[in-house]
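Have the viewer open beside you and follow along.

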Amino acid sequence: MNAPVRIKFCGLTREADVDLAVALGVDMIGLVFAQRSPRRLDGERAAALRARIPAHIATVALVMDAPADDIARILARVHPDLLQFHGTEPEAFCASFGMPYIKAIALGGADPQDARHLPHAWPSAHALLLDGHAPGEPGGSGQTFDWQRTADAGERRVLLAGGLHPGNVAEAIRRARPWGVDVSSGVEQATGIKDPAKMRAFVAAVRDIDGRLAGRAVPD
Ligand SMILES: O=C(O)c1ccccc1NCC(=O)[C@H](O)[C@H](O)COP(=O)(O)O
């Protein structure tokens with residue numbers, strides 16, 4: 001049977017949102033440390049939220065072109081399970097922290113970049129997060145891209161991101177067949193404030209399409 005599609009909720013800033021994400025059984029919770037983000041957490045807030053995330057759910061610390069010293073401080077204070085690099089960080093830098101990481105790659109914008117390099121991009125990354133915003137821009141933008149282009153990633157683990165919401169995530173999974181899906185603004189009521197009904201509906205939509213796709217894979 002196909003493995004269930006992993007779910008990452010990103011950009012959480014409130015205890016109640018973390019608690020609901022945990023109760024809904026998501027696989028990863030993203031805490032944002034990028035300077036340019038309205039969802040950015042300081043160390044104290046991040047540590048308070050991280051303390052509510054049980055060991056079976058991965059805590060992901062998201063950075064964007066941050067200096068190594070800043071990342072070391074986040075690791076010491078927050079103890080994430082994974083790092084997510086959202087900027088122009090080269091592979092050697094991403095790997096230098098000695099922990100699993102996700103590399104975000106922007107496939108949106110007016111002049112979208114070719115995706116055919118993806119099978120060989122950041123080979124040490126645990127997964128590639130393919131996002132819908134333009135290169136150089138911050139994430140959490142709600143912009144989608146052509147989901148069919150995820151096929152260019154070949155056998156890599158793809159975390160599909162960008163503009164997903166409860167109403168389109170099933171179709172995105174059907175087309176892209178990703179390893180996982182990532183959502184931020186699509187389950188918000190305001191920037192950085194998650195919407196409980198949208199969080200529930202998103203998880204339900206992923207579980208529903210998972211079941212349907214798995215059902216079709218069973219031979220007669
Ligand atoms: O979320 C942010 O504010 C952010 C800022 C700077 C760099 C990355 C950021 N988020 C990255 C994510 O992983 C988002 O979940 C991803 O871009 C999808 O966002 P959305 O389109 O809103 O679902």
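**Strand 1 and its partners**

I began with strand 1, which is joined to strand 2 by three bridges, the two running parallel. Helices and strands here are DSSP runs, numbered from the N terminus (helices are H or I with at least four residues, strands E with at least two). Two strands pair if DSSP finds at least two bridges between them. Before going further I noted that this is a predicted model, where local features need pLDDT of at least 70, side-chain atom pairs count only at pLDDT 80 or more, and totals for chains, interfaces and linings use all residues. Residues are numbered from 1 along each chain as its sequence is written.

In this pairing I found K8 opposite M28 of strand 2. Strand 1 also runs parallel to strand 8, with four bridges between them, and there K8 stands opposite D182.

Is strand 1 enclosed or open? Four of its five residues (strand 1 spans residues 6–10) are buried, so the rest of the structure largely encloses the strand. For burial I counted other C-beta atoms, placed from the backbone, within 10 Å of a residue's own: 20 or more is buried, 12 or fewer is exposed, and in between is partly exposed.

**The barrel**

I then followed the strands around and got a closed barrel of eight, in the order 1-2-3-4-5-6-7-8, with parallel pairing. Neighbouring strands of this sheet are turned by 25 degrees against each other on average, direction ignored. The axes behind that angle are lines fitted to C-alpha atoms, for helices over the stretch in contact, with angles from 0 to 180 degrees between N-to-C directions.

As another pair I picked strand 4 (residues 82–85) and strand 5 (residues 101–106), which are parallel over three bridges. F85 faces K103 of strand 5 there.

**Helix 1**

In helix 1 (residues 15–24) I marked D17, V18, L20 and A21 as buried. Viewed down the helix axis, the buried residues fall within an arc of 165 degrees, so they line one face of the helix. That arc is taken from the directions from the helix axis to the C-beta atoms. The face turned away from the buried side carries A16 and A23, which are exposed. After the helix comes G25, with a positive phi near 75 degrees.

Most residues other than glycine have a negative phi, and most peptide bonds are trans. I therefore stopped at two residues, with that general rule in mind.

- D65 has a positive phi near 50 degrees and is not a glycine. D65 lies in the loop between strand 3 (58–63) and helix 3 (68–78), and is partly exposed with 14 other C-beta atoms within 10 Å.
- R177 has a positive phi of about 45 degrees, again without being a glycine. I located R177 in the loop between helix 5 (169–176) and strand 8; it is partly exposed, with 15 C-beta neighbours inside 10 Å.

**Around the ligand**

Which residues come nearest to the ligand? Of the 26 around it, they are C10, P138, G139, G140 and S185. A residue is near if its C-beta atom, placed from the backbone, lies within 6 Å of the molecule. Strand 2 (28–32) and strand 8 (180–183) are the elements that give two or more residues to this shell.

**Confidence**

Last, I checked the scores: the protein averages a pLDDT of 94, and 97% of the residues score at least 70. pLDDT is the predictor's confidence in each residue, from 0 to 100. The model scores ipTM 0.98 and pTM 0.95.
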